[in-house]
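Hi,

Here is the structure I promised to pass on. Have a look at it first, and then read on for what turned up.

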Amino acid sequence: LTSINFAKDLVSEPANILNPITYASKCLSLRKIGLKVKILNLQQLEKIGMGSLLGVSKGSANEPRVVIFEWNLKKNTKSTILVGKGITFDTGGISLKPSNGMEEMITDMGGSAVVVGSMMNAALNKIKKPLVGIIGLVENMPDGKAQRPGDIVTSLSGQTIEVLNTDAEGRLVLADILTYVQKNYKPKEIIDFATLTGAIMIALGTYKAGLFSNNNNLSNRLFKSGEVTKEKLWRMPLGEDYDKDINTSRADMQNIGSRYGGSITAAQFILRFIENNTPWAHIDIAGVSWTKKAGMNGFSALHSPGATAFGVRLIDQFLKI
């Protein structure tokens, strides 16, 4: 419960309190429970070459941060890697969102909160498995310096991305942090959490998270964990037809597909940054990380209105399998 409440508190903080810099400093407090915590600042991110993540942050007065957590790492042992989208506020950037409901975009760092809560939980429960968590913390704002539609950025992987919509920013952040953990650690499997698309709510409502995976074994273990914890997942398709939807003549890929199947093309985009066919699962929690109707049904019965920390229980159960 301590970890769940920590994650809920992160999601609930307004963006004038929780920005990438203050968020990263909160993560440092987890060193006292035995987690190794490393923070990459703006200069380090520029030096490393995270062009995709940095493009999103250009319009904000608040610098980006990337935070890496390590637990129980052993030499030559492969780790389960948790990856989280941490957009501390999402205006949409130049592709500005409608004002109605924009205040809920304080929750667009929900995926990162799941990673922080899960790493905290692993340390408190002294979980025996090696774990790495990484979160990309960025604020997406409109400004004279902000990224524009039509810009082309070079990701850390070397792949180029044509940005057609600056509001499809979470995948740009995930792309670079996924490449970073694969370069620096030995992944057994990678699970990313992100409030990625409104389209997943059109598909699944607000009762289940979308599960996308290149690996049946990993997918089945996550699905079963969801059934046990009531944080339910539903597996969505992937495939070449969807992948073609993000091809462009101007770069290696574009950051959105057509209007249809938007959560699937978003997952295909992320899959392009998974190397060596590493087992990977993407969990789109846009519909389940925040609830206005507490106690109605399913997992929301566990919560008061507000942040749910959907995913922390799921990973706790998953690591027991």
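One term before anything else: a contact, or touch, means heavy atoms within 4.5 Å. This is a predicted model, in which local features need pLDDT of at least 70 and side-chain atom pairs count only at pLDDT 80 or more, while totals for chains, interfaces and linings use all residues. Residues are numbered from 1 along each chain as its sequence is written, and side-chain values use heavy atoms, with hydrogens and water left out.

Let's start with the whole protein. It has eleven helices and 13 strands; these are DSSP runs numbered from the N terminus, with helices being H or I of at least four residues and strands being E of at least two. The radius of gyration is 18 Å, close to the 20 Å that the globule rule gives for 321 residues, so the protein is as compact as a globular protein of that length. (That radius is taken over C-alpha atoms, and the rule is 2.2 Å times the number of residues to the power 0.38.) Along the principal axes, the C-alpha atoms fill a box of roughly 45 × 45 × 40 Å.

How much of the protein is buried? Of its 321 residues, 57% count as buried. Buried means under 20% relative accessible area, exposed means over 50%, and partly exposed is in between (1.4 Å probe, protein chains only).

Now the inside. A nonpolar core here is a set of buried Ala, Val, Leu, Ile, Met, Phe, Trp, Tyr and Cys residues joined through side-chain atoms within 4.5 Å. The largest one has 47 residues, and those with the most contacts inside it include Y23, F69 and I135. Helix α5 (residues 110–124) gives the largest share of this core, eight residues. Apart from it lies another core of 46 residues, among them V66, I81, Y180 and V181. Back to Y23: leaving out residues up to four places away in sequence, its contacts include L10, M109, V116 and I135.

M119 and F69 are 50 residues apart in sequence, yet their C-alpha atoms are 7.2 Å apart in space.

G110 is also found in helix α5, and it is buried too, at 3% relative accessible area. Leaving aside neighbours within four places in sequence, G110 is in contact with V11, K85, T195 and I285.

Most residues other than glycine have a negative phi. N76, however, has a positive phi of about 60° although it is not a glycine. N76 lies in the loop between β2 (65–71) and β3 (79–90) and counts as exposed, at 69% relative accessibility. N276 has a positive phi as well, of about 55°, and is not a glycine either. You'll find N276 in the loop between α10 (262–271) and β11 (280–284), where it is exposed, with a relative accessible area of 74%.
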